[in-house]
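Thanks for coming. I will take a few minutes on one model, and you can follow along on the screen.

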Amino acid sequence: MREFDFELALCAHLEREGRLVSRQLGGAVHGRRVLDTVVVEPGPELDERAAITPERLPTAAIESDVGPGRARYWKDAFDCHPDRAERAVELAVERGFFERERRGGRTYVRQTTRYPDWFGEIVAIENKPDLGRPGDLETQLRTDVSLALADRVILATASYVTGAHLNRIPEEVGVWRFDADSGTMDVRREATPLPTDDPGVELIEERPVRTDVRMVGASEKARARRQLAERAYGKGWRSFDYPACERCSPGSDGIPYCQWKDRAVRESDDCGPDCGGYEAADPPAVDGDSLRAERTPWRADPDGRRRRQSGLDRFG
């Protein structure tokens, strides 16, 4: 099975269990690492987060000195470049996290609600359906474990898992054998919880005679974890386009299944006039947001937390 097909089937399986699932997210602080699948377990105030917006909240807005009390002059509330701060204000207002007013030609902002403690455990999953073609698997997993950005790290595969396979990857990594056709999961090894509250070590580059690493402080890692959780919340896993082909027939999970190829297809790689089974048509209409909202605590169209106070709705 190809990794794309496997990844989508695993995401659909995890989402059916009510988990917040996303895919292809940056999982580094200073280096370059893309996590195949990310699962965010609900925290105590997930409902409060879901009520604000279905989209990602900008990091600069969350970290600013803007609160839900008295409105502040926006330039005094940010410790970052003014352009980044201005963009964060625009997004935060657009997404219902900030409200703003004008006083004497100046813009003042306040939070519509405090930023909630909405996420719990973060699980990073590396998808490798064929362990016979591991690529940089060992290095990737060692990086994830030493950085400990996620609470648990999992290797998901369709291959038969031997003792030799288990010995070649860090012992902290859990191993799942997942059958995409039947949707069954065999946990071959439980993952060890990682020290996410402690400083971590991030592998930046590995060469034949030298390995470059960088220390990541606890506060820096906490910030990166919040960014990762917000990206996962806003993105979800159906971040792909559907082929404009008559033979694309998505199933109940919204996976872009091709009748001609008898598998899931990636529109950018697998489809088009060069395909022998191509039959031009409008892309299938799939409401991925509705599917996600039905199966998880994520809300597609929340009421929001915007308050109506004198002067706060006037902005020119």
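First, the ground rules. This is a predicted model, where local features need pLDDT of at least 70 and side-chain atom pairs count only at pLDDT 80 or more, while totals for chains, interfaces and linings use all residues. Residues are numbered from 1 along each chain as its sequence is written, and side-chain values use heavy atoms, with hydrogens and water left out.

Now the sheet. Helices (H or I, at least four residues) and strands (E, at least two) are DSSP runs, numbered from the N terminus. Three strands form an open sheet in the order β3-β5-β4, and the pairing is antiparallel. β3 (72–73) and β4 (98–103) are the edge strands with a single partner strand each, so one side of each has no neighbour in the sheet. Helix α4, residues 82–94, packs on this sheet and touches β4 and β5; contact here means heavy atoms within 4.5 Å. Between β3 and β5 (residues 106–111) there are 2 bridges, and DSSP has to find at least two for strands to count as paired. Arg72 is opposite Val109 in β5.

Next, the backbone. Most residues other than glycine have a negative phi. Ala148 has a positive phi, near 55 degrees, and sits in the loop between α5 (137–147) and β7 (152–157). Asp262 also has a positive phi, near 60 degrees, in the loop between β12 (257–258) and β13 (263–264). Which of these is buried, and which exposed? Ala148 is buried, because its relative accessibility is 2%; Asp262, at 55%, is exposed. The cut-offs are under 20% relative accessible area for buried and over 50% for exposed, with a 1.4 Å probe and protein chains only.

Last, the cavities. A cavity is a set of points on a 1 Å grid over the protein atoms alone where a 1.4 Å probe fits but cannot get out, and lining residues have an atom within 4 Å of a point. There are 2 cavities of 30 Å³ or more.

Conventions:
1 Å grid on protein atoms, 1.4 Å probe; cavity = no way out; pocket = protein on both sides within 12 Å on 5 of 7 lines; lining within 4 Å. Points joined across faces, edges and corners; volume = space filled by probe spheres on them. Axes fitted to C-alpha atoms, helices over the stretch in contact; angles between N-to-C directions.
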